[in-house]
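Reader: Hi! Could you walk me through this one slowly, please?
Author: Happy to, so let's get it on screen.

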Amino acid sequence: MTTSDQLLRVRGVAKRFGPVVALRSVDLAVAAGEIHALVGANGAGKSTLVKILSGVLRPDAGTIEVAGRPVRFRSPAHARTSGLAPVFQDPAFVPDLTVAENLRLTGTDPAAFRRRLDELAPGGVEFGEVAGVLPLPLLRMLDLARVLAHDPALLLLDEITAALPTDYADRVFAAIRNARAEGRSVLFISHRLLEVQEVCDRVTVLRDGRNVDTLRTADSSERHIVAAMLGERAAQAAVDPRRVAPPPRAWAGEPALEVHGLVDGHKLRDVSFTLTSGEVLGITSLEGQGQDELFAILAGDRRATGGEIIAGGRRLAARHPHQAIRNGLALVPSDRWEALLPQRPVRENLAIAHYNSPGRWGWINAERERRQVADAIQRLEIDTRAQAQAKRLSGGNQQKLTIGRWLVGGFTTLLCFDPTRGIDVGTKHQIYDLFRELAGAGKSVLMFTSELREIPLACDRVLVLYDGRVVAELPAAEAGEAALLSAAHGLADTLAEAERQ
Amino acid sequence: MSVLATAARPIGPTASRLARRHAWTVAVTAFFAVLLVWNASQTRNFGAFEIQTMLASTLALAYLAMAQSVVVIGGGIDLSVGALLVLANCLSARFMEHAGLGTALLVAVACLAVTSALGAFTGLIVTVSRIPAIIVTLATSFAWGGMALLVLHTPGGGAPAGFQALVLGSGNAWWPALLCLLAPLLLIWAPLRRSRAGIGVYALGSSDNAAYLSGVNPLRTRIVAYTFGGLLCGLAGLATTAFTGGGSPQSTIAMNATLNSVAAIVLGGVALSGGVGGLVGPVIAVWCLYLIPNIMLGLGVDPSYGEVVKGVVVVLVVLVGGLLRARRNRSA
């Protein structure tokens with residue numbers, strides 16, 4: 001391929017934030033009409049690179065060429081006029097403005113926008129609606145449609161499929177392929193290697209702020225890519241779950257958490273299950289089947305309209321998260337910003353739950369705190385280079401903080417909502433291992449996940465929610481993707497039938 | 001075909017959505033109507049004269065509430081609005097004294113130019129220095145207050161009667177004050193609100209990150225908001241000159257006016273977190289805050305209780321409004 005075919009050429013781009021080096025030196029070339037994936041573990045520098053390419057950040061060193069011409073972006077608006085248009089995980093729609101006003105803000109032609117949106121969200125949207133009341137998946141579609149309406153030469157998609165329902169993700173892929181057919185290039189950032197294999201032509205792997213490899217997806221296995229990202233162990237795990245999955249075992253522990261006939265309006269219709277100590281119980285479902293309400297109720301953040309929760313043998317009617325925590329139920333929310341103290345140091349973020357139970361006279365035992373925090377940092381292998389402020393850690397390390405907090409604070413049942421969302425494979429495996437270890441020590445874990453492939457890796461048993469009810473319960477070892485998916489789509493009857501035959 | 005069909009769909013907001021978006025303004029207007037009827041029932045022969053009195057005595061604070069609204073909607077706050085009012089008041093009172101109507105109008109235009117420029121300067125400092133707006137405007141409030149003292153050492157100055165009548169009307173003529181109030185709303189705010197710059201002000205206050213990614217220039221947008229705020233502060237100063245027939249450089253006036261402007265925007269449905277609200281709600285809120293002590297007086301209660309009731313009303317309204325908003329968000 002000659003230089004003139006390259007739409008985007010990045011050479012030696014570097015960026016540091018104070019003492020933290022985010023990008024050491026990255027070279028990247030994206031051809032015209034190519035879907036190019038960018039993968040890498042958390043902290044490898046993907047987000048920084050995208051921010052530089054979209055004009056949000058300025059590089060310390062290196063050059064960027066678009067269609068052979070060197071460019072220096074002053075602002076996102078400038079990058080956009082050069083043909084580079086980003087869609088971020090958090091949509092760039094202003095929440096208090098209507099859709100129409102958001103379009104005027106970017107000078108988008110409403111007709112072109114609507115044409116693009118018809119492909120992405122056939123239900124459409126009222127232009128007079130305030131953006132803040134629209135659901136996140138739809139907002140991402142609006143964002144993508146708006147970017148496409150501006151005829152960009154290169155689309156930058158940063159984790160656009162994270163937490164997106166399958167039907168939306170499929171439409172995104174169709175739109176990406178369309179864009180390629182129209183001669184546009186796409187830089188596609190994702191943790192989901194399956195998508196990368198399916199959609200992308202080539203993939204560049206980042207590790208520790210450097211590009212370590214560029215592969216053609218057609219000639220390289222998923223394992224090959226993972227190996228480039230990390231090391232051998234994780235590569236094996238991704239290929240053969242059984243090699244790191246726990247051996248199936250019978251659990252005869254005491255019930256740690258019992259839920260009987262839990263009802264919450266029409267969101268939760270009737271949910272019952274028992275979680276024994278020493279067990280990791282998975283829950284999965286499509287978007288909006290009552291899982292958010294279930295976790296909020298268990299964590300004391302929402303009140304059920306009916307049913308019963310028994311934690312550690314005692315009936316629990318928590319009116320406040322404080323009461324749930326005192327009864328051993330600790331929540332790790334899906335959005336880590338709900339849990340983190342972004343401005344405060346790592347140590348305080350880990351110790352915060354521990355402040356609930358200070359010593360006598362309300363004194364905090366600094367020595368004990370330091371010991372427990374150090375222990376959590378070591379157990380979770382938290383990277384403490386940027387420990388002065390939690391907001392400066394990478395996403396995976398932030399997630400470790402939200403879990404590590406309860407290792408310090410103490411719990412009997414950990415409620416984790418999508419604990420591995422948007423984090424890299426290596427960290428995911430550390431979290432699975434931690435859950436197994438906790439279960440081995442007699443704790444229990446209730447874990448919601450939208451990623452079916454992690455169920456056999458982390459869980460003993462899995463429940464499937466559909467329309468506010470538990471429609472299936474399977475041992476994790478037998479929970480194939482096909483079985484889980486059909487149950488999650490409300491096809492439990494056909495599932496049971498299929499098993500009988 | 002489907003493209004044509006969808007493109008033909010009306011894109012304007014429906015009536016119910018409009019009502020939902022402006023629910024707060026509607027509620028404040030209803031509250032004002034109740035207070036007005038109550039106050040009217042207390043007064044024999046309530047009529048044009050009482051309306052003129054209300055409009056004339058609230059004109060300055062109404063402008064000031066609008067100034068504060070624009071800045072707060074844009075995600076900032078301006079503690080110097082009162083001081084800027086006092087500065088414009090002193091400048092105009094000093095140079096209008098013994099002047100004819102023509103000269104007085106020239107002085108008025110010059111005052112507006114000065115306060116607009118000072119507003120723009122404030123916006124520049126807030127954006128470039130990245131010092132929080134509350135600190136910058138606290139500092140500028142001292143500076144403007146000091147400048148007012150330099151212009152007019154003691155209360156004094158004056159304004160031609162023609163100017164006073166032009167701004168406030170007199171006797172039963174209540175429409176001049178209302179026209180003066182509506183002029184900046186209709187001539188500047190209405191077109192601005194629909195322009196990209198005005199939408200940018202809302203965008204910046206609602207989510208500065210999303211606004212930046214959408215191509216909003218934070219510097220230019222903040223300068224637009226603070227400049228318009230400065231202009232409105234200048235109008236407030238001129239209204240004060242017309243109403244009192246002179247100028248007074250006292251800092252207590254500035255402080256009181258600033259705090260009242262914050263109370264009015266909160267009551268008028270402008271979210272202190274930015275991005276939400278308009279300019280009409282705060283103006284009606286100013287009228288409500290004017291009527292409450294009047295009604296207390298009519299009830300024969302010590303007027304000092306009027307101030308207490310004002311405070312209670314602000315807290316209660318915001319509390320109830322917040323609860324209703326929270327409930328609506330939960331049900332949505």
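Reader: At what angle do helix α6 and helix α7 of chain B pack, and how far apart are their axes?
Author: Helix α6 (residues 101–129) and helix α7 (residues 133–151) of chain B pack at about 145°, and their axes are 10 Å apart. Helices here are DSSP runs of H or I with at least four residues, strands are runs of E with at least two, and both are numbered from the N terminus. The axes are lines fitted to C-alpha atoms, for helices over the stretch in contact, and angles run from 0 to 180 degrees between N-to-C directions. Before we go on: this is a predicted model, where local features need pLDDT of at least 70 and side-chain atom pairs count only at pLDDT 80 or more, while totals for chains, interfaces and linings use all residues. Residues are numbered from 1 along each chain as its sequence is written, and chains are lettered from A and ligands numbered from 1 in the order in which they are written.

Reader: Is the crossing of α6(B) and α7(B) left-handed or right-handed?
Author: The crossing is right-handed. A crossing gets that name if the near helix is turned clockwise from the far one by less than a right angle, and left-handed if anticlockwise.

Reader: Which residues make that contact?
Author: From α6(B) come B:Leu118, B:Thr122, B:Ile125, B:Val126 and B:Ser129, and they meet B:Ala133, B:Val136, B:Thr137, B:Thr140 and B:Trp144 of α7(B). Two residues are in contact if their C-beta atoms, placed from the backbone, lie within 7 Å. The residues of this contact divide into six nonpolar, four polar and no charged. Ala, Val, Leu, Ile, Met, Phe, Trp, Tyr, Cys and Pro count as nonpolar, Asp, Glu, Lys and Arg as charged, and the others, Gly among them, as polar.

Reader: Okay, new topic: where does helix α4 of chain B bend?
Author: Helix α4 of chain B, residues 48–73, bends by about 50° at B:Leu59. The bend is the angle between axes fitted to the seven residues ending there and the seven starting there. Just after this helix, B:Gly75 takes a positive phi of about 90°.

Reader: Why is α4(B) largely enclosed?
Author: Because 19 of its 26 residues are buried, α4(B) is largely enclosed by the rest of the structure. Buried means 20 or more other C-beta atoms within 10 Å of a residue's own, exposed means 12 or fewer, and partly exposed is in between, with C-beta atoms placed from the backbone.

Reader: Which residues touch the most other members of the largest nonpolar core?
Author: Those are B:Leu59, B:Tyr63, B:Leu64 and B:Leu85, in a core of 171 residues. α4(B) gives the most to this core, with 15 residues. A nonpolar core is a set of buried Ala, Val, Leu, Ile, Met, Phe, Trp, Tyr and Cys residues joined through C-beta atoms within 7 Å. Apart from it lies another core, of 75 residues, including A:Leu340 and A:Met447.

Reader: And B:Gly237, is that buried or exposed?
Author: B:Gly237 is buried, with 31 other C-beta atoms within 10 Å. It sits in helix α12 (residues 218–244) of chain B. Leaving aside neighbours within four places in sequence, its contacts include B:Leu85, B:Ser92 and B:Cys111.

Reader: What about chain A, how many helices and strands?
Author: Chain A has 18 helices and 20 strands, and 49% of its 501 residues count as buried.

Reader: How many residues does each chain put into the contact between them?
Author: Chain A gives 24 residues and chain B gives 26. On the side of chain A that touches chain B, α4(A) has the largest share, five residues. That side divides into 13 nonpolar, four polar and seven charged.

Reader: Which way does phi go at A:Asp418, positive or negative?
Author: Positive, at about 45°, although A:Asp418 is not a glycine. Most residues other than glycine have a negative phi. A:Asp418 is in the loop between β17 (413–417) and α15 (425–440) of chain A, and it is buried, with 22 other C-beta atoms within 10 Å.

Reader: And B:His98?
Author: Phi of B:His98 is near 65°, again positive in a residue other than glycine. B:His98 lies in the loop between α5 (81–96) and α6 of chain B, and it is exposed, with 9 other C-beta atoms within 10 Å.
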